[in-house]
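Hi,

Here is the model I said I'd pass on.

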Amino acid sequence: MILNYIWIGFILVAFLVACVQLVFFGNAQVFTDIVNSTFSSARTGFEVSLGLTGVLALWMGIMKIGEHGGMIQTFSHMVYPLFKRLFPDIPKDHPAAGSILLNLSANILGLDNAATPAGLQAMRELQELNTDKSKASNAMIMFLVLNASGLTLIPVSIMTIRAQMGAANPADVFIPIMIATFVSTTVGVLALCAKQHIRIDRVILGTFGGMALLIATVVWLFSRMEQEQVQHVSSAAASIILFSIIVLFIVSGMRKRINVYDSFIEGAKEGFSTAIRIIPYLIAILVAVGMLRASGTLDFLVGGLKSVIASLGLDTRWVDGMPTALMKPLSGSGARGMMVETMNTFGADSFAGRLSGVLQGAADTTFYVVAVYYGAVNIKNSRYTVPFALLADLAGVVAAVAVTYVFFG
């Protein structure tokens, strides 16, 4: 529903701005530019989606090996000590605990297909524990904020799109995304702990503090390097980590004595289907965004913000990536379209192109997550879910801009 209004709004705003350009500025070419943009944007959307099939099939195949090889269960065991402190209202051995751990572990591994069903099941089980069936419980709010903060270890779709858009090293945003999404999750969780009076003990402090120390060390090391060396080292590190994960997944499959090749084929088929399935969605949003840009709306908004930032004596390059950040809480496909449009306009390896990728991976679609998960169990009163989820989103955006400057200058 939200995306419906966004899509209609983009087209109507583009039309109104074009009318202003024609009547007040005598720009008769603007309508021709808008119509031409619909054809070029539709072609770009199809080409990007078609190009996604190979790389997405590869990574979905690898993910399926990890899923069948027990990596979700491994992640679940690793995070359980933290989990039982963040969800004190869930009784020991309750089915909700397993579903939440499965959902969060699948999200961390980028297994969207496994994450959503587990998340819906977790909400149904949390509703059984809920004393007020129309109002979100503390556990539900914590679960939703964790999902909305978008903590992901392997941003498959972003790296896939960067590859299709011609990035020299599609994985060079891997480490910046890890840092930005960790900041988003940490801010959201710790703020909720304060709100829900959850004691921040050694496990919570040790987990988030240890990760923060590690990330601060990485940022400090990279900040001492020359920019060219930063890009070289971070790209190499990202590639080593990703290849190590591939090997780890394959080894886990071998230990479970599964047919690794068949698991890969099963996942690759899902990846191919996913790439084909997103074609109409990507074309729809790219055409609407293309109209906004051709009408001059985006240039006006971005240019105005740049003028304000420049008047403060600050660098303005980050402003070109903001359309992705503004769209992300509202719509995942809309933000994806903004990211593709930014890469198409400025280049996949431009500062704005890389920033849009990091912003896309820094958090999840807050309003979509809230609507789907709460709607599934008829929760009418979300209480303070949205403000805390948006706080996590804001932290992710700030962190994304900061780390993009550190890594890509």
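A word on naming before anything else: helices (H or I, at least four residues) and strands (E, at least two) are DSSP runs, numbered from the N terminus. This is a predicted model, with local features needing pLDDT of at least 70 and side-chain atom pairs counted only at pLDDT 80 or more, while totals for chains, interfaces and linings use all residues. Residues are numbered from 1 along each chain as its sequence is written, and side-chain values use heavy atoms, with hydrogens and water left out.

Loops with positive phi

Arg-257 sits in the loop between helix H10 (227-255) and helix H11 (260-277). Its phi is near 60°, a positive value in a residue other than glycine. For background, most residues other than glycine have a negative phi. Arg-257 counts as exposed because its relative accessibility is 76%. The cut-offs here are under 20% relative accessible area for buried, over 50% for exposed, and partly exposed in between (1.4 Å probe, protein chains only).

The other one is Arg-383, in the loop between H17 and helix H18 (385-408). Arg-383 is not a glycine either, yet has a positive phi of about 55°. With a relative accessible area of 34%, Arg-383 is partly exposed.

The core

A nonpolar core here is a set of buried Ala, Val, Leu, Ile, Met, Phe, Trp, Tyr and Cys residues joined through side-chain atoms within 4.5 Å. The largest one has 110 residues, and Phe-87 and Phe-143 touch the most other members. Helix H8 (residues 174-195) gives the largest share of this core, 10 residues. Which residues does Phe-87 contact, leaving aside its neighbours within four places in sequence? They are Ile-100, Ala-139, Met-142, Phe-143 and Leu-146, where contact means heavy atoms within 4.5 Å.

Helix pairs

Two packed helices are described by the angle between their axes and the distance between the axes. The axes are lines fitted to C-alpha atoms, for helices over the stretch in contact, and angles run from 0 to 180 degrees between N-to-C directions. Angles under 35 degrees count as roughly parallel, over 145 as roughly antiparallel, 65 to 115 as roughly perpendicular and the rest as oblique. A crossing is left-handed if the near helix is turned anticlockwise from the far one by less than a right angle, and right-handed if clockwise. For residue classes, Ala, Val, Leu, Ile, Met, Phe, Trp, Tyr, Cys and Pro are nonpolar, Asp, Glu, Lys and Arg are charged, and the others, Gly among them, are polar.

Start with helix H6 (residues 138-148) and helix H17 (residues 366-376), whose axes come within 9 Å and cross at roughly 140°. That makes H6 oblique to H17, and the crossing is right-handed. Phe-143 turns up again here: along with Met-140, Ile-141, Leu-144, Asn-147 and Ala-148 in H6, it meets Thr-366, Val-369, Val-370, Tyr-373 and Tyr-374 in H17. By class, the contact has nine nonpolar, two polar and no charged residues.

H7 (residues 156-164) and H15 (residues 332-346) have axes that come within 11 Å and cross at roughly 30°, so H7 and H15 are roughly parallel to each other. Their crossing is right-handed. Ile-158, Ile-161 and Arg-162 of H7 make the contact with Arg-336, Met-339, Val-340 and Met-343 of H15. Those residues divide into five nonpolar, no polar and two charged.

Then there are H16 and H18, with axes that come within 9 Å and cross at roughly 140°. H16 is therefore oblique to H18, and this crossing is right-handed. Contact residues include Leu-355 and Ala-362 of H16, and Gly-396, Ala-400, Val-401 and Thr-404 of H18.

Leu-355, in helix H16 (residues 351-362), counts as buried at 0% relative accessibility. Not counting residues up to four places away in sequence, Leu-355 touches Trp-318, Gly-321, Ala-400, Val-401 and Thr-404.

Across from it in my notes is Gly-396, in helix H18, which is buried with a relative accessible area of 1%. Beyond its neighbours within four places in sequence, Gly-396 is in contact with Ala-180, Ser-184 and Ala-362. The C-alpha atoms of Gly-396 and Val-187 are separated by 8.7 Å, though the two are 209 residues apart along the chain.

Cheers
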